[in-house]
Amino acid sequence: MKKYIFLFALVAATLSNVAAQDAAAIVKHYNRVTGLDKLTEAEAQNVRMDLSIEAQGMEIPMTVVGSLPDKFRVEMEMMGSSFLAVINGGKGWMQIPGQGTMEMPEELMSQFTQQTEVSHNHRWSDQDYTFELADKKTVDGVELQGVRATAKTPAGTSCIVYFNPSTHLAVLIDSIKAPEGVMDQEAAQAVAHSSVLLKEYKDFGKYKLPSVMEIDTGTDAGTIIMKISNFEYGFAAQPWMFAQPE
């Protein structure tokens, strides 16, 4: 009987290894098709996005500049007024019409940083994740292959990414809820979305990326639509962009 148990364990381990190889191959195809296999770490750390967000009947244009891991600048227009938020290391500021410039609370900085760094929705690297095959799912009549991406660090967000086997592009991301006790309440709120639908891939410079993201927040906020008109990796951010607003 022990021999059979050993054989079953050996077969299970072999199948698991094959599944991991298949999953890694799917991600490799995706990175090749999008050009992200050529993305350097220096480029990935410096990003600019011009986009608009549609939520609860409002459309909010904004520009996001990031110099990862801890510098962000967000300019936005809402209801005819301009808003500015800046994070530089352990400090952050908000500039609100009629209220001037004020310091950003630490808990808001954490949430803001998580939600602003949206490039994690289309970057998958074996340096940051381990991959294994997950269940398939049908979206708009197309059967997608799921790949479970497990973050290698506690700060990362694990998820299941669904790929179109014909185009090799990522179509849907489903968040995996962290086990109880792994994330505190503030961190859990920062990872607000439960799923992201990636649509309308376009060429942004050297890279093919989704220009529309439909984010199901899993909260009363409902679905948020993010439309990206410009995305630049390797953006040359200037020091003044992350200085305290006057």
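This report covers strand pairing and hairpins in a predicted model.

Local features need pLDDT of at least 70, side-chain atom pairs count only at pLDDT 80 or more, and totals for chains, interfaces and linings use all residues. Residues are numbered from 1 along each chain as its sequence is written, and side-chain values use heavy atoms, with hydrogens and water left out.

Strands are DSSP runs (E, at least two residues), numbered from the N terminus. Two of them pair if DSSP finds at least two bridges between them.

| Pair | Sense | Bridges |
|---|---|---|
| β1 (residues 46-55) and β2 | antiparallel | 10 bridges |
| β2 and β3 (residues 71-78) | antiparallel | 6 bridges |
| β5 (residues 91-96) and β6 (residues 100-103) | antiparallel | 4 bridges |

**Around β2**

Strand β2 spans residues 58-67. It pairs with β1 and also with β3.

The β1 and β2 hairpin leaves 2 residues between the strands. Gln-56 in this hairpin takes a positive phi near 50°.

On the β3 side, Met-62 stands opposite Met-76 in β3. The hairpin of β2 and β3 has 3 residues between the strands.

**The β5 and β6 hairpin**

Strands β5 and β6 run antiparallel. Ile-96 is bridged to Gly-100 in β6. There are 3 residues between these strands. In this hairpin, Gly-98 adopts a positive phi near 85°.

Note on methods. Buried < 20%, exposed > 50% of the residue type's maximum accessible area, 1.4 Å probe, protein only.
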